[in-house]
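Me: Please walk me through the pocket, the ligand and the annotated positions of this model. Keep the answers brisk.

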Amino acid sequence: MDVFGLLGNPVGHSLSPPMHDAAYEELGLEARYVTFEPEPSEIEDAIDGAEALGITGLNVTIPFKQDVLDCVEADDLATRIGAVNTIDFTGEGAPTGHNTDAVGALRALRDHGVTVDGARAVVVGAGGAGRAVAFGLADAGATVEIANRTASKARDLADEVPGATGHGLEADTLADLLADADVLVNATSVGMEEDETPVPAAALHSDLAVLDAVYRPLETRLLRDAAAAGATTVDGAWMLLYQGVEAFELWTGREAPVDAMNAALRDRL
Ligand code: ATR
């Protein structure tokens with residue numbers, strides 16, 4: 001029996017257990033996915049304990065993604081992002097740390113027919129999600145513009161991301177950036193609590209693909225505006241799905257049953 005799990009605090013509302021359990025069931029794997037809520041001061045002990053108990057893999061979520069970086073052998077992308085969301089215990093040596101949020105965003109876009117290599121991409125947000133998406137897009141060959149309410153954070157992140165430029169979130173700045181952009185990603189929390197959007201509807205157009213990392217609700221105001229403008233829309237459940245798909249494939253070495261995982265996720269959203 002393989003045991004997988006999620007480290008976070010709180011983790012009660014996580015959709016990862018049903019999503020991964022659906023994958024095990026679909027492939028007939030003897031495995032379970034469980035949640036753990038260690039205290040922040042216990043995170044290193046938790047990872048050592050997981051290794052000692054023979055746990056196969058762990059996902060990591062708020063508030064531990066940055067702390068875990070120092071407890072594992074993080075790969076290059078996770079190190080640059082500064083956050084680990086997947087720990088793999090299957091190797092011979094120390095547990096390895098990865099960030100599948102970045103690839104999750106890329107796969108969500110590609111799944112909707114979007115070419116990322118050579119694309120002009122605007123990432124709104126420069127927090128944890130914005131970092132992962134910006135590095136992922138740049139690694140995949142996109143030119144990245146980062147816009148953030150706190151413009152200095154966008155510029156600081158842009159200094160780290162190859163070829164990127166940082167901006168504020170003013171309406172005319174966004175309109176200029178989006179006029180000749182191919183991809184827009186909302187990596188802020190705007191749209192989660194209130195029916196609001198970080199991007200004025202007038203800046204959207206039909207040559208854009210718009211990915212919203214927000215998945216509660218699935219139909220954000222940004223995505224409704226994008227659909228009305230004739231843009232391709234990709235909701236946040238796709239990004240959540242593909243970060244899980246990537247983690248599953250990393251741990252098991254098998255192709256993930258994407259449809260079963262997607263159905264389990266969307267059943268609960
Ligand atoms: P996450 O890990 O989900 O990215 P985070 O690191 O707290 O969370 O980052 C939240 C992001 O949403 C930031 O880019 C934040 O902008 P600031 O850096 O200026 O704080 C952005 N954000 C949150 N509320 C916002 C709002 N009302 N308008 C615009 N941006 C907002």
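Binding site and pocket

Reply: UniProt places the feature "binding site" (unreviewed entry) at Ser 14, Leu 15, Ser 16, Thr 61, Asn 85, Asp 101, Tyr 215 and Gln 243. UniProt positions follow the numbering used here, feature names are shortened, and annotations may be inferred rather than shown by experiment. This is a predicted model, where local features need pLDDT of at least 70, side-chain atom pairs count only at pLDDT 80 or more, and totals for chains, interfaces and linings use all residues. Residues are numbered from 1 along each chain as its sequence is written, and side-chain values use heavy atoms, with hydrogens and water left out.

Me: Where does the ligand sit?

Reply: Sitting in a pocket requires more than half of the molecule's atoms to lie within 2 Å of its grid points. The ligand's place is the largest pocket.

Me: Which residues around the ligand come nearest?

Reply: A residue counts as near if one of its heavy atoms lies within 4 Å of the molecule. There are 14 residues around the ligand, and those that come nearest are Ala 129, Asn 148, Arg 149, Thr 150 and Lys 153.

Me: How many Å separate an oxygen atom of the ligand from an N or O atom in the side chain of Arg 149?

Reply: A polar contact is a pair of N or O atoms within 3.5 Å. A polar backbone atom of Ala 126 is 3.1 Å from a ligand oxygen. For the Arg 149 side chain, the distance is 2.9 Å.

Me: What percentage of the area that the ligand exposes alone does the protein bury?

Reply: Accessible areas come from the Shrake-Rupley method with a 1.4 Å probe. Taken alone, the ligand exposes 650 Å². The protein buries 64% of that.

Terms used: Polar contact = N/O pair within 3.5 Å; in protein donor to acceptor, adjacent residues only side chain to side chain. 1 Å grid on protein atoms, 1.4 Å probe; cavity = no way out; pocket = protein on both sides within 12 Å on 5 of 7 lines; lining within 4 Å.
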